[in-house]
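Thanks for coming. I will walk through one model today, strand by strand and helix by helix, and then say where to be careful.

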Amino acid sequence: MTILLDKGARRSTLLSVGALAAAMMLSACAGGSATPPAAQNDDVLISQADCERNRDAGTITYISGYGYSASAGQLDVFLAEELGYFDALCLDVEINASGANGQQLVASGQAQFTALGSASDVMLAAANSKNLTAIATYGSVSPFSIFANEAVTSLKGLEGKKLGYFINLTPIASAMLDNAGVDVSKVELIKMTNYDPTVVTRGQVDAIVGYASNQPESLRAQGLPFSEFMPADEGVEGTYNVMEVNTQFLTANREVVSDFMRASLKALEFCLDDHDECIDMIAKLAEDNNQGSAFPRDQLARTWAVESGWVTSNPDLAPGMQTEEQWEPEYELVKRYGGIDTLPALSEMMDTELVAALYDDGALIWPGK
């Protein structure tokens with residue numbers, strides 16, 4: 001379902017989020033209480049020529065793969081619209097939060113932007129599409145973990161036990177098991193459809209490959225004992241959340257794409273500075289659109305408490321900046337564990353200059369500052 005966001009007052013969105021949305025990415029953290037620096041509806045901050053250029057690009061459609069999740073590359077897009085930052089740059093943004101087929105819609109030109117969970121996801125998709133370009137990476141740490149029943153005290157201990165996964169095992173998880181010396185042929189792999197993390201603590205499966213900011217945090221909030229194994233524990237490097245754009249749209253509208261990212265990163269900056277107000281806003285959006293049960297504030301807060309740290313995990317890169325060197329470890333993992341015959345070169349999958357040009361000595365360049 002497509003959501004058209006009202007340009008006058010604060011936007012209200014309407015969406016349908018599936019079970020994956022409700023379970024894989026959920027929340028955020030607390031901070032100060034500064035008033036959001038929202039732009040007024042008539043507060044255009046760019047030149048008339050630049051404004052006309054952005055308006056001439058027409059409606060820009062963003063696909064949120066996980067609804068109102070408190071995740072970089074997602075909540076910042078919602079809040080850039082709420083705070084008026086897109087309006088300030090004369091961008092007409094439409095948000096589709098149904099979470100379905102984001103990459104296919106963007107690759108086909110039916111939408112322009114979508115976010116994915118890691119560079120691995122981009123690489124795996126690149127094998128099937130030539131019309132997607134990664135323009136922002138939001139962290140230099142893998143978001144995945146393997147969480148297990150407390151009786152499992154090492155990954156090697158998964159031999160002879162049941163390991164659940166969602167969609168695919170992921171190259172990151174495969175590398176973790178390999179580095180830990182696990183004989184995967186001795187592990188019963190189960191594709192999960194139940195996103196309740198307590199299936200691990202209740203022993204229905206022994207462990208699950210999950211999203212570290214979601215299911216494990218839910219177990220902690222419930223005070224349930226479990227074991228958790230992080231990629232870094234096994235010397236595995238990864239990346240967190242990637243923004244992709246339709247390549248043809250990028251080629252024809254590079255300045256427009258830059259301004260979309262500028263507005264989104266401005267909202268991300270706000271969410272990093274004031275966790276509490278940011279989460280209040282995204283939680284209210286979810287509640288106002290009958291998604292409060294899928295994205296309750298406490299879960300959103302827990303997720304952003306973790307994921308905001310991932311955004312700032314690399315002191316050498318400002319939020320959203322990316323380099324080929326940052327992606328290289330994961331590139332090698334995808335070549336080894338991704339089951340792909342031919343993987344495009346990194347330079348063919350990513351644009352490392354667009355977001356970098358939005359910063360001046362680590363500070364986001366915002367019109368009128």
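**Strand β10 and its partners**

Strand β4, residues 132-139, pairs with β10 through 6 bridges in the antiparallel sense. Strands here are DSSP runs of E with at least two residues, helices are runs of H or I with at least four, and both are numbered from the N terminus. Two strands count as paired if DSSP finds at least two bridges between them. Within this pair, Thr137 stands opposite Val242 of β10.

Before going further: this is a predicted model, in which local features need pLDDT of at least 70, side-chain atom pairs count only at pLDDT 80 or more, and totals for chains, interfaces and linings use all residues. Residues are numbered from 1 along each chain as its sequence is written, and side-chain values use heavy atoms, with hydrogens and water left out.

Back to β10. Strand β3, residues 113-116, is also antiparallel to β10, with 4 bridges; there, Thr114 has Glu244 as its bridge partner. How many residues of β10 are buried? The count is 7 of 7 for this strand, residues 240-246. Buried means under 20% relative accessible area, exposed means over 50%, and partly exposed is in between, with a 1.4 Å probe and protein chains only.

Next, the open sheet. Its 5 strands run in the order β7-β6-β8-β5-β9, with mixed pairing. β7 (188-191) and β9 (227-229) are at the edges with a single partner strand each, so one side of each has no neighbour in the sheet. From one strand to the next, the twist averages 30 degrees. Strands β6 (residues 162-165) and β8 (residues 207-211) run parallel, joined by 2 bridges, and Gly164 stands opposite Ile208 in β8.

Helix α7 packs on this sheet, touching β5 (144-148), β6, β8 and β9, and its direction makes about 55 degrees with that of β5. Angles run from 0 to 180 degrees between N-to-C directions, using axes fitted to C-alpha atoms, for helices over the stretch in contact. Ser174 lies in α7, residues 171-179, and counts as buried because its relative accessibility is 16%. Leaving out residues up to four places away in sequence, Ser174 touches Leu169 and Tyr337, where contact means heavy atoms within 4.5 Å.

Finally, confidence. pLDDT, the predictor's confidence in each residue from 0 to 100, averages 88 for the protein, and 88% of the residues score at least 70. Over residues 37-41, pLDDT is below 50. Residues 1-35 stay under 50 as well, and the model has 124 contacts beyond four places in sequence for them.
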